[in-house]
Structures are given as C-alpha cells and as structure tokens.
Amino acid sequence: MIPVGIFSGYFPYDLNTVIAKIKEHGFSTAQLDLSFKDMDFSAGNITKEKCHTVRNAFRDANLPICAISGYTNIIHPDRDERARRVGYLKEIIRHARDCGTPYVISETGTYNVESDWVHDPRNKTEEGYEEALKVIAELAQEAYDHGAVFLVENYVNNVIGSVDEVLRLFADLRHPGLGMLMDPTNYFDETTINDVDGTINKMFNALGDRIKIAHAKDCKVAEDQSEKHVAIDGPEANTFRGAGAVELPAAGLGILNYELYVDRLRELNPNIPLIIEHLDEDDVPRAKKYVDDTLRKVGA
C-alpha cells in the first residue's frame with residue numbers, strides 16, 4: 001500500500017507541534033522541511049545533534065521521514081549566489097542520514113535572474129545543460145559519499161523539464177547517488193496539458209524504475225501566465241503555485257487523472273511514499289481525503 005504524507009513545512013510551528021499536526025491529520029510519513037520555529041537549520045547551523053533531535057521526535061511519533069526538501073536554484077546565474085545555494089544543499093545532503101532518510105530533493109534550476117521557476121532561453125541550450133549536468137554530478141557524488149541519494153525533481157521551466165530531458169540526464173549520469181522524484185504535474189506545459197493521460201503514461205513507461213518518492217498536487221490551464229505564489233508562512237518553495245501556461249493547485253483542484261496516476265504508481269512502486277503539497281493548512285483535510293479516496297478506489 002502507498003503511504004500518504006505531507007511536507008512538514010505546511011505547518012509553521014515548533015517541532016513538537018508540527019509532528020502533532022501531521023499525526024492529527026492521519027499522515028503516515030512526512031517530507032522534512034528544515035523550518036521549525038524553535039530550531040535554526042540555516043546555512044552553517046545544521047548539526048548532527050539537531051538532526052538527531054528531529055529524527056528521534058518523528059520516530060517516537062511513529063512518523064517516518066521519507067525525504068528532505070533541499071529546493072534551491074542549483075544553477076543560479078550569479079556564481080557567488082550559486083556557490084552559496086549549492087553549498088547549503090550539500091550541507092543538507094551531508095546530514096540526510098542524521099535525519100533518518102537518504103533522500104534529499106531539489107529541482108534542477110533556471111538561468112533566470114529573477115525567479116527560481118521561470119524559464120530562461122539558456123535553460124534549453126547545450127551549454128546550459130552541460131553546466132547543470134556538472135552541478136548535478138557534484139551533488140550526486142556528495143550524496144554517495146555520505147550514504148545519501150540526491151533526487152532530481154524536474155520542472156518544465158527548468159533545465160531538466162521533459163521526459164526526454166530526464167532520460168538524457170540519467171543516461172549521461174549513471175550514478176548510484178542520483179535518483180528521481182516523480183511529480184507528473186511538473187511535465188505539463190501548453191504542448192502537453194491537453195494530453196494528460198498520454199503524458200502520464202509516457203513518463204511512467206520511460207522513468208518508472210528510477211522513482212524513489214512521489215508528490216501529490218494538481219494542474220490546470222492557467223488564466224494568466226504570471227508566476228504565482230500564495231501568502232503562507234513557510235519555505236519559499238512551498239508558496240509556489242505555477243508559472244506560464246499551467247497552474248499548480250492542490251490535489252483534486254485540477255485536471256490530473258489521479259486514478260491513472262496512482263494506479264501507475266501502484267503498479268511500479270507499490271510502497272512508495274506519496275507526499276501532498278501546494279496547499280494551505282485549512283485545505284489539508286480535503287486534499288488528504290481526495291488522495292486517500294483515490295488510492296482506495298484503485299486498490300493502492
């Protein structure tokens with residue numbers, strides 16, 4: 001059976017309250033955001049002792065941590081800013097096992113100077129790809145050296161966006177420290193949003209054996225193409241709701257064929273954690289019920 005979890009950062013409280021909230025909603029796992037009100041996990045302040053405090057608190061609550069959020073623009077065009085961001089991501093990776101999981105997740109970034117999620121023409125150039133490949137290779141090696149796995153989360157506006165681009169990455173970088181986060185909504189743009197089922201099947205047929213963790217949000221045609229964020233207290237990555245032709249709301253609020261999605265997950269990865277995202281705290285009960293009902297319907 002597929003366990004359902006949520007990003008811990010959607011509950012902006014101290015460690016014990018975050019855990020209590022996640023348990024209260026009936027989740028059986030969590031993706032860890034290092035953003036507790038009573039603990040400092042900023043760059044240079046991650047320690048084994050703090051990680052063990054978090055790990056043990058989740059363990060005592062019988063709430064496994066399945067992955068850690070490390071979202072940042074790993075190819076930021078400002079070299080000093082890129083070094084700072086990649087350095088912090090490596091710091092998280094080095095402490096992943098201390099937090100109780102090998103998996104750390106980030107998207108592949110954009111050369112856009114103003115946003116981590118908006119397209120830049122350089123993203124789809126050979127030069128841009130090769131530069132990103134070098135950074136991803138560094139992160140995979142860092143992960144491998146510390147018993148961890150760096151999970152790539154593709155996004156259509158980033159360097160690695162399409163099924164073919166993900167396939168190329170894994171063909172060019174065959175590394176035990178590299179894995180994949182599955183989120184079908186991240187593949188949709190104006191060219192694919194009208195073929196939801198075909199796109200879901202294409203991604204699973206091509207990439208199913210590389211998936212370690214899965215996400216649960218939704219997608220729909222955007223009314224405007226501006227970058228969208230919501231006003232919630234939490235990490236910036238958790239406020240994002242889409243940019244360009246496709247909006248990314250919470251599960252059950254778009255056009256994704258959820259029965260097909262979770263059935264393909266069940267077929268290829270029968271015990272994979274499925275992590276709810278792109279919602280505010282008030283919407284958690286509805287979104288979880290929607291995902292649970294869909295899993296029950298397909299026997300996952």
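Me: Why is Glu-165 called partly exposed?

Reply: Its relative accessibility is 23%. Buried means under 20% relative accessible area, exposed means over 50%, and partly exposed is in between (1.4 Å probe, protein chains only). The value of 23% lies in between, so Glu-165 is partly exposed. Lys-124, at 38%, is partly exposed too.

Me: What are these values based on?

Reply: This is a predicted model, in which local features need pLDDT of at least 70 and side-chain atom pairs count only at pLDDT 80 or more, while totals for chains, interfaces and linings use all residues. Residues are numbered from 1 along each chain as its sequence is written, and side-chain values use heavy atoms, with hydrogens and water left out.

Me: What makes the meeting of Glu-165 and Lys-124 a salt bridge?

Reply: The term requires a side-chain nitrogen of Lys or Arg within 4 Å of a carboxyl oxygen of Asp or Glu. Here N to O is 3.0 Å, so the pair qualifies.

Me: Why do Glu-281 and Lys-21 count as a salt bridge?

Reply: Their N to O distance is 3.7 Å, so they pass the salt-bridge test. The pair links distant parts of the chain, 260 residues apart. Glu-281 is in the loop between β10 (274–276) and α8 (284–298), and Lys-21 is in helix α1 (residues 15–24). Glu-281 is partly exposed at 21%. Lys-21 is partly exposed at 23%.

Me: How do you know that Asp-209 is exposed?

Reply: Its relative accessible area is 62%. That value is over the limit for exposed, so the label holds. Asp-209 forms a salt bridge with Arg-210, with the closest N and O atoms 3.4 Å apart. Arg-210 is partly exposed at 23%.

Me: How many salt bridges does the structure hold?

Reply: It holds 24. Arg-79, Arg-82, Arg-122 and Glu-131 are linked in a network of salt bridges.

Me: Why does Asp-98 have no salt bridge?

Reply: The nearest side chain of opposite charge, Lys-48, is 4.7 Å away. Lys and Arg count as positive, and Asp and Glu as negative; His and the chain ends are not counted. The distance of 4.7 Å is beyond the salt-bridge limit, so no bridge is assigned. Asp-98 is buried. Asp-98 sits in the loop between α3 (79–94) and β4 (103–107).

Me: What is Asp-98 in contact with?

Reply: Beyond neighbours within four places in sequence, the partners are Lys-48, Cys-51, His-52 and Arg-55. Contact means heavy atoms within 4.5 Å.

Me: Why is Ala-57 called buried?

Reply: Its relative accessible area is 16%, which is below the buried limit, so it is buried. Ala-57 belongs to helix α2 (residues 48–60). It touches Leu-15 and Ile-19, not counting residues up to four places away in sequence.

Me: What makes β3 and β4 a pair?

Reply: Two strands pair if DSSP finds at least two bridges between them. β3 (residues 65–69) and β4 are joined by 2 bridges and run parallel. So they meet the criterion. In β4, Val-104 is the bridge partner of Ile-68. The chain passes from β3 through α3 to β4 in a right-handed β-α-β crossover. Right-handed means that, with the strands pointing away from the viewer, the path from the first strand over the helix to the second runs clockwise.

Me: What makes up the largest nonpolar core?

Reply: It has 102 residues. A nonpolar core is a set of buried Ala, Val, Leu, Ile, Met, Phe, Trp, Tyr and Cys residues joined through side-chain atoms within 4.5 Å. Phe-58, Tyr-261 and Leu-274 have the most contacts inside this core. Helix α4 gives the most to it, with 8 residues. Phe-58 touches residues including Leu-15, Ile-19, Phe-36 and Ile-65. Tyr-261 is among the buried residues of helix α7 (residues 258–268).

Conventions
Helices (H or I, at least four residues) and strands (E, at least two) are DSSP runs, numbered from the N terminus.
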